[in-house]
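The following note sets out points for a colleague who has the model at hand.

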Protein chains: 2
Amino acid sequence: MHKETLIRFFQNTNLISFSSATEIAAQFSSKIILKNQFQLTAGKICDEYLFLEKGYLRAFANNTEGNEITTGFYSQGQIIFEVSSFFNRTGSQENIQALTDCEGWVINYEQLNNLFHTLPEFREFGRSILVKGYSELKNRMLSTITESAEVRYKQLLMAKPEIFQYVPLKNIASYLGITDTSLSRIRKEVSKRK
Amino acid sequence: MHKETLIRFFQNTNLISFSSATEIAAQFSSKIILKNQFQLTAGKICDEYLFLEKGYLRAFANNTEGNEITTGFYSQGQIIFEVSSFFNRTGSQENIQALTDCEGWVINYEQLNNLFHTLPEFREFGRSILVKGYSELKNRMLSTITESAEVRYKQLLMAKPEIFQYVPLKNIASYLGITDTSLSRIRKEVSKRK
DNA sequence: ATGAATTCTTGCCATTTGGCAAGAAATGAA
DNA sequence: TTCATTTCTTGCCAAATGGCAAGAATTCAT
């Protein structure tokens with residue numbers, strides 16, 4: 001495996017020059033996550049800042065009743081890590097598990113900080129990742145308190161149709177904040193009408 | 001007005017030494033926001049990174065029907081700015097308005113970046129602010145898709161009792177993702193039972 | 001102090017979502 | 001292929017939340 005995709009990813013942000021992108025990518029190691037394997041386990045400190053080149057991941061937390069609440073779906077081209085755990089060096093609230101076989105590139109906390117320290121361009125990149133994650137979460141929050149479950153379902157279907165292939169509907173239901181029973185009914189309604 | 005509170009705030013993060021805190025605080029300017037005044041207007045670029053020393057603020061967006069959806073409440077001791085607008089230099093999605101007369105300290109985008117550039121300690125601080133905001137939003141998201149409106153209401157009442165003095169219930173309702181009618185009924189239920 | 005505007009509550013009823021359980025369908029392991 | 005497990009759907013009914021409108025209570029400007 002070679003790092004061209006990773007290098008191109010950094011360049012495409014328009015924050016990082018080609019030479020810096022190469023230098024940064026040199027610090028990353030190849031990472032394979034087989035289907036159903038955990039990339040991160042709740043309670044552990046997240047120490048991998050992952051660029052996903054191929055595959056799909058799901059993040060989930062366990063609520064008090066022991067049910068899994070899906071908090072995110074991730075696909076190729078994304079940076080994936082548990083923000084709070086990674087930067088605060090505290091136990092993760094959630095798990096991240098592979099929905100399919102995955103390939104990507106990782107760097108650890110120390111390496112990341114070293115790069116941040118030496119390369120201002122990469123600091124900008126790091127910030128942009130945080131800002132992007134924050135904005136997306138904020139949009140999701142607004143949608144959740146504003147829109148009906150049916151609307152949120154349709155939006156998810158538009159935005160990330162691929163995940164429906166890899167994940168049972170109950171995971172999508174918990175991500176949407178409803179039960180699998182309700183999701184089943186919503187799907188019936190939606191398909192009936194179109 | 002003097003900057004002691006601001007300097008102490010930086011020091012208390014345990015990320016910044018006293019001399020750096022003084023140096024950083026020197027870049028901030030005093031800011032007064034009178035009750036009902038806007039600290040930020042939707043569509044404008046947020047160019048003030050605000051430390052609030054006194055008072056209360058509310059952030060809200062307008063949905064498609066033109067209703068105000070409250071997205072946040074802020075009080076003294078917090079850093080307040082619209083993350084995406086500030087860092088991406090794009091128009092803000094939301095408004096930030098004073099619920100009471102406010103006093104604080106502000107710095108603009110350029111000054112902030114200069115400080116980030118020259119003071120690694122302050123970069124750490126900046127990152128910690130983003131990470132904290134992200135974590136809190138994530139917790140709120142989880143609570144929203146997981147808990148009933150009544151539970152969320154009680155949690156808000158515990159966490160930020162003061163805001164109830166300054167804000168009409170319909171704003172709290174939209175923050176919780178319910179109508180003012182429902183909130184009124186929930187309050188009735190809760191008060192009846194205790 | 002007064003009148004206007006806003007906020008809050010309540011009744012009536014509709015819609016959305018949930019809980020539980022049973023059976024059908026799909027998936028996975030051997 | 002076969003059996004066990006998991007997932008998905010559906011019926012029945014309950015609970016949560018919404019929509020609308022009217023009136024009461026409160027707040028605000030003058």
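1. Helices (H or I, at least four residues) and strands (E, at least two) are DSSP runs, numbered from the N terminus. Over residues 40–116 of chain A, the chain is 18% helix and 44% strand, with the end C-alpha atoms 23 Å apart. UniProt, in an unreviewed entry, places the feature "domain: Cyclic nucleotide-binding" at these residues of chain A; UniProt positions follow the numbering used here, feature names are shortened, and annotations may be inferred rather than shown by experiment.

2. This is a predicted model, in which local features need pLDDT of at least 70, side-chain atom pairs count only at pLDDT 80 or more, and totals for chains, interfaces and linings use all residues. Residues are numbered from 1 along each chain as its sequence is written, while chains are lettered from A and ligands numbered from 1 in the order in which they are written. Chain A averages a pLDDT (the predictor's confidence in each residue, from 0 to 100) of 96, and 99% of the residues score at least 70. The model has an ipTM of 0.95 and a pTM of 0.96.

3. Chain A is divided into domain 1 (4–146) and domain 2 (147–194), with bounds from an automatic or database domain assignment. Their centres, taken over C-alpha atoms, are separated by 25 Å. Each domain of chain A gives 12 residues to the contact between them, two residues being in contact if their C-beta atoms, placed from the backbone, lie within 7 Å. On the domain 1 side, E5(A) gives the most, with 5 residues.

4. Chain B can be laid on chain A with an RMSD of 0.0 Å by a turn of 180° and a shift of 0.0 Å along the axis. The two copies are thus related as by a two-fold rotation axis. The superposition is by least squares on the C-alpha atoms of residues with pLDDT of at least 70 in both.

5. The contact between the chains takes 23 residues from chain B and 23 from chain A. Of the chain B side, H5(B) supplies the largest share, 14 residues. Because 100% of the interface residues of chain B are also interface residues in chain A, the copies meet through the same surface.

6. DNA strand C is surrounded by 17 residues, the closest being A:Ala149, A:Ile178, A:Ser182, B:Pro168 and B:Ser184; a residue is near a strand if its C-beta atom, placed from the backbone, lies within 6 Å of it. H9(B) contributes the largest share of this surface, 6 residues.
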